[in-house]
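Please look over the sequence and the structure shown below before reading on. The paragraphs that follow begin with one residue and its surroundings, and then move to the wider picture.

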Amino acid sequence: AVPLLQAPSPATGVLQSWLVKAQAQVSVCQNDVRFLVSLGRLHSRLGQHEAASEHLERALLLAPEDPQALRAFSAVLQDLGDPSAAAQVLAMLPPGSQPDPWGPNDLSANKANPRMASQALPAVHSGVSAKHETESGRWKTLLSLTAGRERNPLGVSSQSNITLTLPGLDPSQPVIITLPIDEASRPRPAAYTQFSAAAQYNAGSGTATANPSEWSLQLGSRVRQVPTQAQAGFAVLEAAIDHQRRYAASPWGHYTNASGAYLDSRTGIRFGQAALGAGLVGGIGACQGRVGAEWLDRRYLSNKVLDGRQRVGVAQLACTPALSFTVKKGMESPRDPGRPGGAQELLEMRVRGAWGRWAWEFDRGHLSDERGYSALIESGAVRDQRRWGARLERVLLSFGGQAADACQACPAVQLVAGAELQRRQSNINLFESNNLGAYMALQFTN
């Protein structure tokens, strides 16, 4: 149904007619490596790089060492703006592999480098990022309009009452009072809308034998509105810069990054934070790993007692095609010695992945205070809190953008559906909460 294409490429009209015929045979030929590689190349030649990667990833699952599948997937990663991953995939070619009939991959040093900055910027829903190329780097931009509904947008406690421990005349017999929590302060479902904008600039310098250097700059913002619960709205501004350099032809090197964020919540909570990170970076098979440390300073403009400084160790692993794992462990020290709970021991883990039109994320956190949170709550119990979160997305529709030769400047558009779950457990009931939500997002890239 689809020819084993050779260079030079046929005309666009011929490629499109072949693509129509090939797509009708996917269900029959989805386990044929040659078919999947050729179909991936067809999509790639038509500028549909995300679709190409989906078929090539399946080809590599069936035949992990197939030279043509490896070369084709490497070329698609390059087109998607990930030369580091492209080079790692190309390095997996078996010795003595035959030359690629489509010609060599262009992995020259002046290609854009999309090394993502630190995890300081939260993901703005999965989707194809648009690119604007220059001689020195590449811009990617994404606009997203999301509408959804959540069971507990404020993240408040699910308890219906609160128990206070008051000192009595006899210190050994405190007075215990149970008070109902006002209905307005309990979980209530609500619909929301959110606008997100993100931009990323990537650039590289050097060569594979002369200390290759990679830069990434990220800017982002999010604004959420909740008409029936105005206090659940917020605005966030974020920025991050990341640099890594490898040692000559060695897979090892070092990285440094810096990030900042500002949040303004309609509840009155406002804070800014700045972070610095540094460590070692290296290749592990088809993956890239990082081990380092991060220092963060957070200042609450609305309540100085909550200010704190974090010192954490960080380990990251990012693998091809789209899988990453991050773990952070350390301490947060209060600026004010009187902060409830005092210092905190922190542990955070996050796993992200994507497959075809699906994207998923799972995170877990653990917080443990140094001392009792408050003598009035649970008789001064030391807070021990755990958090779980999960997100699942699927791209329902995708059109426009590079898929149309006649309109390279037109925005690519995606319609995404997703669901999110957040759960917080604590030995102090006041800090327990649950939230479940679903959303639809319309994304534009240009």
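**A walk through the model**

Tyrosine 300 lies in strand β10, where strands (E, at least two residues) and helices (H or I, at least four residues) are DSSP runs numbered from the N terminus. The model is a predicted one, in which local features need pLDDT of at least 70 and side-chain atom pairs count only at pLDDT 80 or more, while totals for chains, interfaces and linings use all residues. Residues are numbered from 1 along each chain as its sequence is written, and side-chain values use heavy atoms, with hydrogens and water left out.

Is tyrosine 300 buried or exposed? With a relative accessible area of 16%, tyrosine 300 is buried, because buried means under 20% relative accessible area, exposed means over 50%, and partly exposed covers what is in between (1.4 Å probe, protein chains only). Leaving aside residues up to four places away in sequence, tyrosine 300 touches Ile269, Arg270, Phe271, Leu306 and Asp307, a contact being heavy atoms within 4.5 Å. Tyrosine 300 and glutamine 273 are 27 residues apart in sequence, and their C-alpha atoms are 8.7 Å apart in space.

Strand β10 (residues 287–300) also holds arginine 290, whose partner, aspartate 242, lies in strand β7 (residues 234–246), so this pair ties together parts that are 48 residues apart in sequence. The two side chains meet in a salt bridge, at 2.8 Å from N to O, the term standing for a side-chain nitrogen of Lys or Arg within 4 Å of a carboxyl oxygen of Asp or Glu. Both arginine 290 and aspartate 242 are buried.

How many salt bridges does a search of the whole structure find? The search finds 18 of them. One joins arginine 339 to glutamate 332, with the closest N and O atoms 2.8 Å apart; arginine 339 counts as buried at 4% relative accessibility, and glutamate 332 is buried with a relative accessible area of 5%. In another, the side chains of arginine 352 and glutamate 361 meet at 3.5 Å, N to O. Arginine 352 counts as buried because its relative accessibility is 16%, and glutamate 361 does so at 10%. Through shared partners, salt bridges join Arg350, Arg352, Glu361, Arg391 and Glu393 into one network.

The next subject is the nonpolar interior. A nonpolar core is a set of buried Ala, Val, Leu, Ile, Met, Phe, Trp, Tyr and Cys residues joined through side-chain atoms within 4.5 Å. The largest such core has 23 residues, and those with the most contacts inside it are Val37, Leu39, Leu56, Ala59, Phe73 and Leu77. The elements that give two or more residues to this core are α1 (12–23), α3 (33–45), α4 (49–62), α5 (67–79) and α6 (83–90). Apart from this core lies another, of five residues, among them Ala190, Tyr192, Ala232 and Tyr439. Leucine 39 touches Leu19, Ala22, Val26 and His55, when residues up to four places away in sequence are not counted.

In the loop between α3 and α4 is glycine 47, which is buried with a relative accessible area of 18%. Glycine 47 and aspartate 79 are 32 residues apart in sequence, yet 8.7 Å apart in space, C-alpha to C-alpha.

On the surface, Tyr247, Trp252, Leu280, Ile284, Leu317 and Phe325 form a nonpolar patch with about 580 Å² of accessible area together. Patches are made of residues with over 30% relative accessible area and no salt bridge, like charges being joined within 9 Å and nonpolar side chains (Val, Leu, Ile, Met, Phe, Trp, Tyr) within 5 Å. Phenylalanine 325, in strand β12 (residues 323–334), counts as partly exposed at 35% relative accessibility.

Taken as a whole, the protein has six helices and 17 strands, and buried residues make up 37% of its 446 residues. Its accessible surface comes to about 22100 Å², of which 60% belongs to carbon and sulfur atoms; such areas come from the Shrake-Rupley method with a 1.4 Å probe, and for residues only the protein chains shown count as cover. Among contacts between residues at least 6 apart in sequence, 59% join residues at least 24 apart.

The mean pLDDT of the protein is 80, and 80% of its residues reach 70 or more, pLDDT being the predictor's confidence in each residue, from 0 to 100. Over residues 101–136 the pLDDT is below 50, and this stretch has 128 contacts in the model beyond near neighbours in sequence. Residues 402–408 also have pLDDT below 50, with ten contacts in the model beyond near neighbours in sequence.
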